[in-house]
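Please have the viewer open as you read.

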Amino acid sequence: MNVPNHVAIILDGNGRWAKAKGMPRTYGHAAGAKNVEPICRAAYDLGIKYLTLYAFSTENWKRPKEEVSTLMKLLGNYVKKCMKLSVENNMRVRFIGDLSGIPQKLNEAIHLLEETSKDFTGLQLQIAINYGGRDEILRATKKAYKRLQDEGKEIDELTEDMISSMLDTGEIPDPDLMIRTSGEERLSNFLLWQLAYAEFYFTPTPWPDFNREALELAIQEYDRRNRRFGGI
């Protein structure tokens, strides 16, 4: 079976999953956080090298204060837990997004985890926090323009490769497969540049219920598709 090298997942449906059970949205977010570890293990076992998860978008700040606070707490707890998992499983962890916009304590924990795992060669996990695709492209373009200025070059010398290298994901290959859980069929400002040639897979399964079998189904669908580039 043709397994994608890089899978990106929009973790959607936590709140609706909780509501269906008569529970608050925060209950769903807690369940969703617990599901990250088994999906990481499943991805690695299935031969996926890179896994990128959309955990908190730039738009999520608009949610109710209590919900945002819970999300930040869950992220902080996960980062601490992830340190042990990373070391035990040789898993490298990177964070993408505008990290200057998150609480200092969480930022410090993220930096420590990234430094600790930077040479690990197992699953390469990227977690998007305070991330927005348009914001990322804008930041990357500004960085690329500054490099041109520093090198005394003209704007006409700006290239796609230069912008790609300035993205938060500049060190890793673009995703081959994007999965969105819970039935919505849109990108929601996720990896807008990087998903240009990815296959999209939408499932009605909410994130807390998305398991190894659901991931395998997505890969099987990916394997059935005849991927062509450049109209060939």
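What follows covers the model, a helix contact and the ring pairs.

## About the model

This is a predicted model, in which local features need pLDDT of at least 70 and side-chain atom pairs count only at pLDDT 80 or more, while totals for chains, interfaces and linings use all residues. Residues are numbered from 1 along each chain as its sequence is written, and side-chain values use heavy atoms, leaving out hydrogens and water.

## Helices α3 and α4

Helix α3 (residues 36–46) and helix α4 (residues 65–89) have axes that come within 12 Å and cross at roughly 25°. That makes α3 roughly parallel to α4 (angles under 35 degrees count as such). On the α3 side, the contact (heavy atoms within 4.5 Å) is made by Val 36, Glu 37 and Arg 41, and on the α4 side by Tyr 78, Lys 81, Leu 85 and Asn 89.

## Aromatic pairs

There are 7 aromatic pairs, counted when ring centres of Phe, Tyr or Trp (its six-membered ring) lie within 6.5 Å. The rings of Trp 17 and Tyr 27 are stacked (planes under 30 degrees apart), because their centres are 5.7 Å apart and their planes at 10°. Trp 17 lies in helix α1 (residues 14–20) and Tyr 27 in helix α2 (residues 25–34). Trp 17 counts as buried at 13% relative accessibility, whereas Tyr 27 at 38% is partly exposed; buried means under 20% relative accessible area, exposed over 50%, and partly exposed in between (1.4 Å probe, protein chains only).

Tyr 54 and Tyr 131 form an edge-to-face pair, 5.8 Å centre to centre with 85° between the planes (over 60 degrees counts as edge-to-face).

Notes
Axes fitted to C-alpha atoms, helices over the stretch in contact; angles between N-to-C directions. Helix = DSSP H or I, 4+ residues; strand = E, 2+ residues; numbered from the N terminus. Parallel < 35°, antiparallel > 145°, perpendicular 65-115°, else oblique.
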